[in-house]
Amino acid sequence: MNKGKLYIETYGCQMNFSDSEIVASVLSDDYDVIDKATEADLILINTCSIREHAEQRVLNRLSELNALRKNNSRLQIGIIGCMAERIKEELFKTGSVDLVVGPDAYRSLPTLLKKESRVNINVLLSETETYDDIHPIRYDTNGISAFISIMRGCNNYCSYCVVPYTRGRERSRNPQTIINEALSLFEKGYREVTLLGQNVNSYCCDGVNFARLMKSVAEINPLLRIRFATSHPKDLSDELLEVMSSCSNICKSIHLPAQSGNDRVLKAMNRKYTRRWYLDRIASIRKYMPECSISTDFITGYCDETEEEHQDTLTLMQTVSFDYAYMFKYSEREGTRSANTKADTVPEEVKARRLTEIITLQQELSGKSNLKDVGKTMEVLAEGTSKRSEEHFFGRNSQNKVVVFPRGSCSKGEYVSVRITSCTSATLTGNLIDN
Ligand code: SAH
Ligand code: SF4
Ligand code: F3S
């Protein structure tokens with residue numbers, strides 16, 4: 001029998017991108033993945049609920065995709081991922097959805113798709129599902145860099161966050177299956193893996209903690225780079241920093257979301273650390289790895305955040321001098337502790353102004369950080385042709401900064417030495433140096 005054609009559109013975090021590869025694998029007996037929605041028999045939208053805006057985007061896109069039914073009466077459209085888990089049956093009310101499947105129920109997709117019913121739904125969360133025996137189909141890959149999901153769920157319950165409700169309890173994947181997957185990727189020519197979880201520092205399975213897991217993956221081959229995301233500041237251990245500093249193929253880059261620079265706000269957010277604790281973790285990173293880049297996330301206008309408290313975020317940014325940051329306006333999410341117990345009182349225009357202030361400061365800090373690299377020679381993993389021109393390649397250095405350089409005779413997947421000659425706040429530019 002001919003296979004159907006599956007088009008997957010993915011929103012949200014890296015975990016979702018990794019999950020889409022698992023979904024492609026689960027459905028691979030019945031469907032081939034294609035890259036055009038217009039030719040698909042089945043469209044799956046892998047969705048994110050983190051902010052209201054993320055959900056609105058999907059709903060708009062859904063009505064666009066729904067129009068494709070006019071020319072294809074067999075078309076099925078499914079919502080999977082975090083919105084499926086959060087909104088559940090209600091999604092059928094849009095009139096555009098045939099299928100709703102949450103993040104722990106992807107194994108049921110083939111069965112649900114064969115059912116005749118018009119309302120196929122499975123949003124059961126699991127305490128054990130890690131998809132550890134599934135070989136993800138990397139259908140949208142550069143062949144160099146891949147994600148490996150090492151844990152699922154989150155137990156942290158930050159007051160503003162919907163993830164513990166959409167992704168369920170924290171659980172770690174068997175370490176040997178992670179090592180096998182990384183090894184198999186290396187043998188296929190991949191040169192970088194990113195180990196993923198909402199809070200990788202609490203990885204623990206069969207007596208293996210995150211630091212030990214990182215060490216084992218790093219030992220696969222010195223030519224395989226290792227990255228990870230995301231770390232929660234409350235449990236970023238010195239043991240991990242020591243492993244990172246002792247393995248040259250573990251990238252010197254840490255994403256450590258701060259959320260706010262003010263202790264009252266951090267407490268209200270249930271982040272379980274203080275500004276002082278956060279700064280102590282930064283000092284520890286710098287002690288073990290002075291060259292390590294540090295990026296972060298901030299939320300502005302959380303509930304009743306005052307102007308002084310917002311200033312504390314700005315001063316934390318100055319003190320740490322982050323290399324990069326993702327910054328957001330607080331978006332109240334139904335069902336979270338914040339939504340249940342606190343009013344969302346900061347007016348939209350104040351949130352927006354505070355956001356602009358932190359973005360402006362971060363651009364300055366990122367520019368400064370990049371300027372410090374001009375004149376340095378660094379190792380870059382070549383990832384492919386740059387958007388700038390066919391004659392240029394781009395890649396990233398250990399610090400996760402994008403570097404553009406004239407390609408010369410270099411090929412994808414090669415490590416090259418680049419001397420940095422100029423920069424913007426987003427990119428470094430340089431020339432190849434003969435080793
Ligand atoms: N597990 C990761 C973050 C996942 S969500 C961690 O804790 O580090 C990514 C980012 O989205 C968060 O760090 C936070 O800055 C932001 N975010 C989460 N919920 C939000 C909300 N309700 N409104 C605005 N931003 C939010
Ligand atoms: Fe959300 Fe906090 Fe868990 Fe991150 S650690 S996913 S912000 S609850
Ligand atoms: Fe979004 Fe779900 Fe990731 S809410 S950020 S896709 S875990």
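The questions and answers that follow concern a predicted model.

Q: What makes the overall dimensions of the protein chain agree with those of a compact globule?
A: The rule for a compact globule of 435 residues gives a radius of gyration near 22 Å, and because the protein chain has 22 Å, the two agree. Taken along the principal axes, the C-alpha atoms fill a box of roughly 60 × 55 × 45 Å. Of the 435 residues, 55% count as buried, and residues 24 or more positions apart account for 71% of the contacts with a separation of 6 or more. The chain contains 13 helices and 21 strands.

Q: Why is asparagine 209 called partly exposed?
A: The label buried requires a relative accessible area under 20% and the label exposed one over 50%; asparagine 209 has 25%, so it counts as partly exposed. Asparagine 209 belongs to strand 12, residues 208-209, and, leaving aside residues up to four places away in sequence, it touches Tyr203 and Glu239. Its C-alpha atom is separated by 41 Å from that of threonine 421, which stands 212 residues apart from it along the chain.

Q: Why does methionine 378 count as buried?
A: Methionine 378 has a relative accessibility of 11%, and since buried means under 20%, the label therefore applies. This residue is part of strand 17, residues 377-385. Not counting residues up to four places away in sequence, methionine 378 touches Asp373, Asn397, Val403, Val416, Ser417, Val418, Ile420 and Leu428.

Q: What makes the phi values of asparagine 270 and cysteine 303 worth noting?
A: Most residues other than glycine have a negative phi. Asparagine 270, however, has a positive phi near 60°, and cysteine 303 has a positive phi near 40°. Asparagine 270 is placed in the loop between helix 9 (263-268) and helix 10 (275-288), whereas cysteine 303 is found in the loop between strand 15 (293-300) and helix 11 (307-320).

Q: How do you know whether asparagine 270 and cysteine 303 are buried or exposed?
A: Asparagine 270 has a relative accessible area of 17%, which is under 20%, so it is buried. Cysteine 303 has 0% relative accessibility and therefore also counts as buried under that cut-off.

Q: What kind of peptide bond joins alanine 229 and threonine 230, and what is its omega?
A: Most peptide bonds are trans. The bond between alanine 229 and threonine 230 is cis, with omega about 0°. Threonine 230 has its place in the loop between strand 13 (225-229) and helix 8 (238-246).

Q: What makes up the second largest pocket, by volume and by lining?
A: About 470 Å³ of space lies in the second largest pocket, and, of the 22 residues that line it, Tyr31, Arg74, Gln76, Leu113 and Lys114 are the closest to its centre. Helix 4 (residues 109-114) gives the most to the lining, with three residues. The lining divides into six nonpolar, six polar and 10 charged residues.

Q: How do you know which residues surround ligand 3?
A: A residue is counted because one of its heavy atoms lies within 4 Å of the ligand. The residues around ligand 3 are Cys13, Asn16, Thr47, Cys48, Ser49, Ile50, Cys82, Val163, Arg167 and Gln198; by class, five are nonpolar, four polar and one charged.

Terms used. Residues numbered from 1 in each chain as written. Chains lettered and ligands numbered in written order. Predicted model: local features only at pLDDT ≥ 70, side-chain atom pairs only at ≥ 80, totals over all residues. Heavy atoms only, no water. 1 Å grid on protein atoms, 1.4 Å probe; cavity = no way out; pocket = protein on both sides within 12 Å on 5 of 7 lines; lining within 4 Å. Points joined across faces, edges and corners; volume = space filled by probe spheres on them. Helix = DSSP H or I, 4+ residues; strand = E, 2+ residues; numbered from the N terminus. Nonpolar A, V, L, I, M, F, W, Y, C, P; charged D, E, K, R; others polar. Rg over C-alpha atoms; globule rule 2.2 N^0.38 Å. Buried < 20%, exposed > 50% of the residue type's maximum accessible area, 1.4 Å probe, protein only. Contact = heavy atoms within 4.5 Å.
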